[in-house]
Amino acid sequence: MPLKKGVIHIYTGDGKGKTTAAMGLAARAAGTGLKVLICQFLKDDRTGELNVLDSSDNIEIISYPHKIKFIKYMTEEEVAQNKKDHQEYFNKVVAAAQDKDLLIMDEFMAAYNYDMIEKAPALEFLKNKPEKLEVVLTGRDAPDEIKELAAYITNMTKIRHPYDMGLSARKGIEL
């Protein structure tokens, strides 16, 4: 049963769990028959949860098609190319989301805050999204103009994290 009116959710903060919460919502929505679209900005590796979610007939995943490294390690030319590529990716996702019930844009805040996508079109989409479309945005440092549009805002607060103790991301837990 399609949603009658979709709202915007934000999972933000410096704690672990933003993507995990979004993917849990994707599983819940797909399990009730809703059509879900998932995209991930500034990520080029498929994480474990995507491998499972991709097996659902109700979930479409559009992966970022290019290899990417942390912005702080990019040359000016690489940044410029990634901005162009991310804007094309965003446009593709927006077009594909028109007939969906739930859109998850993982690491949207980083793409937005680092100008990997153009802010004006991104805001325009969020303000004028299809009425039934539920949108989930994840990432640190949610800007005020995005928060103003949200019905749900959850802040994940880090108290302690293994990375602070020198442990790298572990497959199946953080990856």
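A residue counts as buried when its relative accessible area is under 20%. In this predicted model, Tyr89 has a relative accessibility of 4%, so Tyr89 counts as buried.

- The buried residues of H1 are Lys18, Thr19, Ala22, Met23, Leu25, Ala26, Ala29 and Ala30.
- Viewed down the axis of H1, these buried residues fall within an arc of 155°, so they line one face of the helix.
- Turned away from that buried side is a face of H1 that carries the exposed residues Thr20, Arg28 and Gly31.
- The cover over the buried residues of H1 includes the strands E1 (8-12), E2 (36-40), E3 (59-62), E4 (102-106) and E5 (134-138), together with helix H2 (48-53).
- Just after H1, Gly33 takes a positive phi of about 95°.

**Aromatic pairs around Phe41**

- With ring centres required to lie within 6.5 Å of each other, the count comes to seven aromatic pairs.
- In one of these pairs, the rings of Phe41 and Tyr89 have their centres 5.3 Å apart and their planes at 75°, so the pair is edge-to-face.
- Phe41 lies in the loop between E2 and H2, while Tyr89 lies in helix H3 (residues 76-97), so this pair ties together parts that are 48 residues apart in sequence.
- Phe41 is buried, with a relative accessible area of 0%, and Tyr89, at 4% relative accessibility, also counts as buried.
- Phe41 also forms an edge-to-face aromatic pair with Phe108, at 6.3 Å centre to centre and with 75° between the planes.
- Because Phe108 lies in helix H4 (residues 108-113) and Phe41 in the loop between E2 and H2, this second pair ties together parts that are 67 residues apart in sequence.
- Phe108 is itself buried, with a relative accessible area of 0%.

**The aromatic cluster**

- Phe41, Tyr89 and Phe108 are among the members of one aromatic cluster, which also takes in Tyr64, Phe90, Tyr112 and Phe125.

Note on methods. Residues are numbered from 1 along each chain as its sequence is written. This is a predicted model: local features need pLDDT of at least 70, side-chain atom pairs count only at pLDDT 80 or more; totals for chains, interfaces and linings use all residues. Side-chain values use heavy atoms; hydrogens and water are left out. Buried means under 20% relative accessible area, exposed over 50%, partly exposed in between (1.4 Å probe, protein chains only). Helices (H or I, at least four residues) and strands (E, at least two) are DSSP runs, numbered from the N terminus. The arc is that of the directions from the helix axis to the C-beta atoms. Contact means heavy atoms within 4.5 Å. Rings of Phe, Tyr and Trp (its six-membered ring) pair if their centres lie within 6.5 Å; planes under 30 degrees apart count as stacked, over 60 as edge-to-face and the rest as tilted.
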